[in-house]
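Visitor: I would like to go through this structure step by step. Please begin with the words I shall need.

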Amino acid sequence: MSKKRKPHEERTPEDYMEAADNALEMAKVLAGQGEISDQDFLERMARSDELVDHDGKTCGQCHYAILGAEVAREMIEAGEYEDVVSQFAAEHKRRWEKCKFFKLWEKEKKAGRDPRKAFKDR
């Protein structure tokens, strides 16, 4: 299930307010303090990439958001209903740690350099 992002010219302040509210609620769920159902969590997470600004190929933050939304959509498609939050977190982490952004960060840290500088220079 692919997801199209909303074009900049169609975005409203209300879109950003809803995305912020959803992000806060999803963060609470991931921290074990959420008050929404697992299914609601997945549905919100599946929509969480609607307002990203980049394609996820050149921006680590956008890539991270897109990954989370993709994992949630796949879990919905697969009919995952048990232990949803921990399954989501584990799969999202696994994919993140395989991506080029994470690998570059780790490489720079291991070499004793500032990873932020490596990203600025690229």
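Guide: Helices are DSSP runs of H or I with at least four residues, strands are DSSP runs of E with at least two, and both are numbered from the N terminus. This is a predicted model, in which local features need pLDDT of at least 70 and side-chain atom pairs count only at pLDDT 80 or more, while totals for chains, interfaces and linings use all residues. Residues are numbered from 1 along each chain as its sequence is written, and side-chain values use heavy atoms, with hydrogens and water left out.

Visitor: How many helices and strands does the protein chain have?

Guide: The protein chain has 6 helices and 0 strands. Along the sequence, the pattern is therefore written α-α-α-α-α-α. The C-alpha trace spans about 45 × 35 × 25 Å along its principal axes.

Visitor: Where is Gly 79 found?

Guide: Gly 79 is found in the loop between α3 and α4. Its relative accessibility is 28%, so Gly 79 counts as partly exposed. On this scale, buried means under 20% relative accessible area, exposed means over 50%, and partly exposed lies in between, using a 1.4 Å probe and protein chains only. The C-alpha atoms of Gly 79 and Gln 39 are separated by 9.8 Å, and the two residues are 40 residues apart along the chain.

Visitor: What about Asp 83: which loop holds that residue?

Guide: Asp 83 also lies in the loop between α3 and α4. With 54% relative accessibility, Asp 83 counts as exposed. Asp 83 has a positive phi of about 50°, although it is not a glycine. Most residues other than glycine have a negative phi.

Visitor: Now the inside. How many residues does the largest nonpolar core have?

Guide: The largest nonpolar core has 13 residues, and those with the most contacts inside it are Phe 41, Leu 42, Met 45, Ala 72, Met 75 and Phe 88. Here a nonpolar core is a set of buried Ala, Val, Leu, Ile, Met, Phe, Trp, Tyr and Cys residues joined through side-chain atoms within 4.5 Å. The elements giving two or more residues to this core are α1 (13-30), α2, α3 and α4. In soluble globular proteins, nonpolar side chains tend to be buried together.

Visitor: Which element gives the most to this core?

Guide: Helix α2 gives the most, with 4 residues. In α2, the buried residues are Phe 41, Leu 42, Arg 44, Met 45 and Ala 46. Their cover includes α1, α3 and α4.

Visitor: And what is Met 45 in contact with?

Guide: Leaving aside its neighbours within four places in sequence, Met 45 is in contact with Met 26, Gly 68, Ala 69, Ala 72 and Phe 88. Contact means heavy atoms within 4.5 Å. Ala 23 and Met 45 are 22 residues apart in sequence and 8.2 Å apart in space, C-alpha to C-alpha. Ala 23 lies in helix α1.

Visitor: Why does the pair of Phe 41 and Phe 88 tie together parts of the chain?

Guide: Phe 41 lies in helix α2 (residues 38-46) and Phe 88 in helix α4 (residues 84-98), so the pair ties together parts that are 47 residues apart in sequence. Phe 41 and Phe 88 are buried.

Visitor: Which rings form the other pair?

Guide: The rings are those of Tyr 64 and Trp 96, with centres 5.0 Å apart and planes at 90°, so this pair is edge-to-face. Tyr 64 is in helix α3 (residues 60-78) and Trp 96 in helix α4, 32 residues apart. Tyr 64 is partly exposed at 42% relative accessible area, whereas Trp 96 is buried at 18%.

Visitor: Lastly, what share of the protein chain counts as buried?

Guide: Of its 122 residues, 32% count as buried.

Technical notes
Rings of Phe, Tyr and Trp (its six-membered ring) pair if their centres lie within 6.5 Å; planes under 30 degrees apart count as stacked, over 60 as edge-to-face and the rest as tilted.
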